[in-house]
2 protein chains.
Amino acid sequence: MTAEWLELPADTPFGVDNLPFGVFSTDDEAPRVGVAVGERVLDLAPLAAGEGLDGAHVFESPSLNDFLALGRPSWVAVRAWLIELLTHPGSADVVEPHLVDRSAARLHLPVEVGDYVDFYASEHHATNVGRIFRPDAAPLTPNWRHLPIGYHGRSGTLVISGTDIVRPMGQRRLADSPEPVFGPSTRLDIEAEVAYIVGVPTDLGQRVSVDDFADHVFGVCLLNDWSARDIQAWEYVPLGPFLGKSFGTSLSPWVVPLAALDSARVALPGQDPEPLPYLRGSTPEAAFGLDLQLEVRINGTLVARPPYATTYWSPAQMLAHLTVNGASLRTGDIFASGTVSGSEPGQRGSLLELTWNGTEPLTLADGTERGFLRDGDEVSISAWAPTADGGRLGFGTVSGRVVAAR
Amino acid sequence: MTAEWLELPADTPFGVDNLPFGVFSTDDEAPRVGVAVGERVLDLAPLAAGEGLDGAHVFESPSLNDFLALGRPSWVAVRAWLIELLTHPGSADVVEPHLVDRSAARLHLPVEVGDYVDFYASEHHATNVGRIFRPDAAPLTPNWRHLPIGYHGRSGTLVISGTDIVRPMGQRRLADSPEPVFGPSTRLDIEAEVAYIVGVPTDLGQRVSVDDFADHVFGVCLLNDWSARDIQAWEYVPLGPFLGKSFGTSLSPWVVPLAALDSARVALPGQDPEPLPYLRGSTPEAAFGLDLQLEVRINGTLVARPPYATTYWSPAQMLAHLTVNGASLRTGDIFASGTVSGSEPGQRGSLLELTWNGTEPLTLADGTERGFLRDGDEVSISAWAPTADGGRLGFGTVSGRVVAAR
C-alpha cells in the first residue's frame, strides 16, 4: 500500500501502513509536527494548511499535545487523509515539497510530558528481579498477580533518543559495610520498555475502563528506563525507586499510532487468578497484548530480543488500574510497561537479568565483556510489529550513550 | 511594619512581613498573580504596570511560573518594592485601587506543577509508620538516617485547597483473606506536610548544593497528601505508593516566600550519623530547619499540632539529595516534607499515627469518633511562623472535604 513515486524501500520501518507522528526542527524552522515516511519526514503543518485540512494549525505546535487533545475521531480522520494522499499516484506534486530528509531534521520529545508512570508488567522480569534482589522470599510479591504494580517516575528528565546519559552519582552500600559510600554508580543498567502516550484527558474522579483504552491512548513509543542498580538497591525500601531512575529516561522520537497496530494485537499469555472486574473488558479482546519484537544492542552487538507479547498485564489494564482511584489523565501523560523480558535468557530486557546481576557477563562483538554499562557505551533499542500484509513496521530506535560522571 | 491606611488587624496571617504570592481570578478577570495582604488580595499586574516595574507582565500570567523563573534577584527586588509601597504613608492612592476583597477572589493552584516529589523527612513519623506497618522489624529502614527517602507523586492530581476529595476506589486485602477485595477505601487518611516551590530550574546533570537552596526555591506552602491506607498497604511493596496517594493532593493557595521566613530558621534537631558531604552545607546553618507550627483540624476540632522544627532532614538537604544524581529541576517543581509529626501523641500529622491505625479513635467536638475519615469530613491544615518583631505570620490553610466514592 504505497505510491510508486514515494520510492520506499521494501524493508523501511516507516511505510504507509505505519505513519508515526513526531516533532522535528530544521535549521531554518522551529520544532513542529512531522510524520515519518521512509527516510523522510513529512512536514504536516504547511501540507495540511495547503490542503485546507480542518484544524491544521495544531501541527505548527512544538509538541503533539494539541493534536492528541483533539481525540480519536480527529486521529482517524488525519490518518485516513494521509493514507489517501500518500497512496494516490497523482499527489506527488502536492506532497513532495513537504518531505524533509531525515538527515536535515532534528528530532525532539514528541509530547510535552504530563505524568510519567512506570509499570512492572512482565512476569518474567518481575520473577527474575525478585530472585536476584530477594533470594530468600517468593520471587513475586503477593499483590503481583492481582494488580499491575506501578509507580510514578520523573517526567522532567524524560529525554529524546540520542541524548547523552551522564552516569549518576549517589549513595550505595558495599557488601562488606553497613555504611553507604558516595560516588558514580558502578551498576548502570538499561530497561527496554514499551511506552503509551495519552491523548485525551479525564477529569479527577473519572475512570477509564478497559474497553475505552483506544479513546484515550494515541500511540506507542519505545523507552529506555536507565537504572543505577546500586543506588536503587540502597534507596528503594520502603517507598520505591527514586534517584536510581530519575537521572534520565530516554524516549523514541516516533509515536506509532495504535491504529497502525491492529495486526499486532494478540491475546495475553494468560492470567491466573482472573483479574477483578475493573481489570476486564466486555470481551477478552479488550485486554489485548501486542506482538512487538524488541531488540537491544550495545555498541552494535545484539544482546537481547525481548518479546513484548509475553507480557502479563495488558496496556488497557494498566490504564484502567492507573485511573481506578479517580486519578485524572492529562494529554501527554506517558505510562510504560516496565522491562520487557521473555522466558529465555536471550529475551531479557535488562543487564541485571542478562548478566544475572553482573555474575555472568556478556561478551560484545569487540570481545569486551559487560556486567553493567561502561562509559562510552551506546545502547539502542528498536522494535518491529507485524502488518496486515504479512510484512512488518518499525518503531525506529531509542538510543543513548553513557558519558562519565561529573 | 505597615502603613496605617491598610488597617491590618494585629493577628492577620498576611501582614506586610509576609506577602505570600498566589494566583486568583475575579468574576470579570482571568487568573493572574496576587499577593495576600490582610483580608485582601493585591492585584499585582496593573499595579506593577502602572508603577513602571521592570517585567511587570509576568504578573498577568495564570501561574507564578514566569515570575519564579526570573530568579532570586527579581524576587528580592519585587519584595522590597512591595514593602516600600505598603509601608509608605502616601501610597494609599496608588495601592488601594488594586486591593481586591478575598471574598471576591477565587484562588487557583499557584504554579503550573512540574514534578512533585514527596519525602519522608520526619523521624517521628517514619518511626511510627514502621512500628504500625512492620511491627516485627526495626522501625527505621537501614537507609533512613543516611538519606532523605523520597519518591515521585502524581503532579497532575495536585489540586488547590478547597477542592473536594472523592473517596478512592481500589483493591485492599482484608485481614482474614489472601485475596484482595475491591471497593471504596475504608482507611482514608491525611498527611500534614510542608511543601517547597522551585523557581529556578537546572540543567540535566547539574546538582544543587545545600548552600544554593535559596537560589532555587522561592517559597513554602502547606500540603495535604491524602492517603488511602488500605490501598497503600496492599500495593506498595516493592515499588512504593501509587494509587493510595494519586487520587488527590491538596496545596495551599499562598506561597510564603523563603525571604519572609528568616526569623523562622532553626537548627535541625540533630543528625547521627553525620550526613555525607553532599548533604552538608559550608556552614551548619545552611541545612536549616524551620520553626513552623502546624495545626490540623477535622470539622473544626483541633486534632494535632505538628511542630515542623522537629523534622530530621532539612529542606536544603532534600533538594541536594533530589539533584545529586543530576536530575534536573523545572520551574514549578514541588517537593514536600512528608508527614510532619512531633514526639508527642498530639503532634502527629496523620490519623494513622493519631489513632494508631484506627485502634485508638479520636473524639471530635460533636462527640463523634474517628479512626479514619468519614464522607463529609472537612480537613484543614494551617501553620504559623515567628517574625522578627516577636509576632507571627500565617500560611493560611489547605483544606478539603471528603465526598463519597463514585
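Two strands pair if DSSP finds at least two bridges between them; helices (H or I, at least four residues) and strands (E, at least two) are DSSP runs, numbered from the N terminus. The model is predicted, so local features need pLDDT of at least 70 and side-chain atom pairs pLDDT 80 or more, while totals for chains, interfaces and linings use all residues. Residues are numbered from 1 along each chain as its sequence is written, chains are lettered from A in the order in which they are written, and side-chain values use heavy atoms, without hydrogens and water.

In chain A, β10(A) and β11(A) form a hairpin with six residues between them. Five bridges join the antiparallel strands β10(A) and β11 (residues 180-184), and Q171(A) stands opposite F182(A). Four of the five residues of β10 (residues 169-173) of chain A are buried, so this strand is largely enclosed by the rest of the structure. Buried means under 20% relative accessible area (1.4 Å probe, protein chains only).

S328(A) lies in the loop between α8 (315-323) and β22 (334-336) of chain A. This serine is buried, with a relative accessible area of 8%. Its contacts (heavy atoms within 4.5 Å) include D203(A) and D333(A), as well as R154(B), G156(B) and T157(B).

In chain B, eight of the 11 residues of helix α5 (residues 123-133) are buried, so the helix is largely enclosed by the rest of the structure. Among them are H125(B), N128(B) and I132(B), and the cover over the buried residues of α5(B) includes α9 (351-354) of chain B.

Terms used:
Buried < 20%, exposed > 50% of the residue type's maximum accessible area, 1.4 Å probe, protein only. Lists of a residue's contacts leave out its neighbours within four places in sequence.
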